[in-house]
Amino acid sequence: MNTQITKTAVLFGFLFFTMAVYAGTMDANNDKLKGNWSYSLPDAPYGYQDGSIEFKETDGKLTAIARIGTSSYTIKEIKKEGDTYHCNLSVDGSDVKVSIKPDKEELTGTVTADGWEMPVTFKKIKK
């Protein structure tokens, strides 16, 4: 009977360890995005081709504030699927979908607005 209790304890210990490592990995992946980035969206209409975005964690969720010209747009939640992050926002009445994939020193992705898909790159703003 003692052996069964030991096996169960080891199994639960391994399970909690695995969950802790996975949670740590998720935070580390989100840390790749956290901070201030400049973006370049060369195929966008004039005035929307560049700006900045700040990724941060709010209430346990990855969020962001995008700055385009003098306007700011809040992204309430960024979801991760595999190695790509996805979010939606409304910019001047248009629904915008963004997909972001971390690379070595930058982020790359696509922005889709009004059925128009455009490449986007992000570079970390160093303080």
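1. Contacts of Thr-63. Setting aside neighbours within four places in sequence, Thr-63 touches Glu-54, Phe-55, Lys-56, Thr-58, Ile-75, Lys-76, Glu-77 and Ile-78. Thr-63 itself sits in strand β3. Its relative accessible area is 8%, so Thr-63 counts as buried, the cut-off being under 20%.

2. The model is predicted. The chain has a mean pLDDT of 80, with 76% of its residues at 70 or more.

3. Helix α1 (residues 2-33) has the lowest confidence in the chain, with a mean of 47, while β9 has the highest, at 94. Across residues 5-28 the pLDDT falls below 50, and apart from near neighbours in sequence this stretch makes one contact in the model. Where pLDDT is low, predicted coordinates should not be read in detail.

4. The largest pocket. Its space comes to about 460 Å³. The lining consists of 25 residues; those nearest the centre of the pocket are Leu-41, Ile-68, Val-91, Val-96 and Val-111. Two or more lining residues come from each of the elements β2 (50-58), β3 (61-68), β6 (84-91), β7 (94-102), β8 (106-113) and β9 (116-124).

5. Sorted by class, the lining of the largest pocket holds 21 nonpolar residues, together with two polar and two charged ones.

6. Strands named above. Strand β3 holds Thr-63 and also gives two or more residues to the lining of the largest pocket. Strand β9, where confidence is highest, likewise gives two or more residues to that lining.

Terms used
Residues are numbered from 1 along each chain as its sequence is written. This is a predicted model: local features need pLDDT of at least 70, side-chain atom pairs count only at pLDDT 80 or more; totals for chains, interfaces and linings use all residues. Side-chain values use heavy atoms; hydrogens and water are left out. On a 1 Å grid over the protein atoms alone, a cavity is a set of points where a 1.4 Å probe fits but cannot get out, and a pocket is an open set with protein on both sides within 12 Å along at least five of seven lines; lining residues have an atom within 4 Å of a point. Grid points are joined across faces, edges and corners, and a volume is the space filled by probe spheres set on the points. Helices (H or I, at least four residues) and strands (E, at least two) are DSSP runs, numbered from the N terminus. Ala, Val, Leu, Ile, Met, Phe, Trp, Tyr, Cys and Pro count as nonpolar, Asp, Glu, Lys and Arg as charged, and the others, Gly among them, as polar. pLDDT is the predictor's confidence in each residue, from 0 to 100. Contact means heavy atoms within 4.5 Å. Buried means under 20% relative accessible area, exposed over 50%, partly exposed in between (1.4 Å probe, protein chains only).
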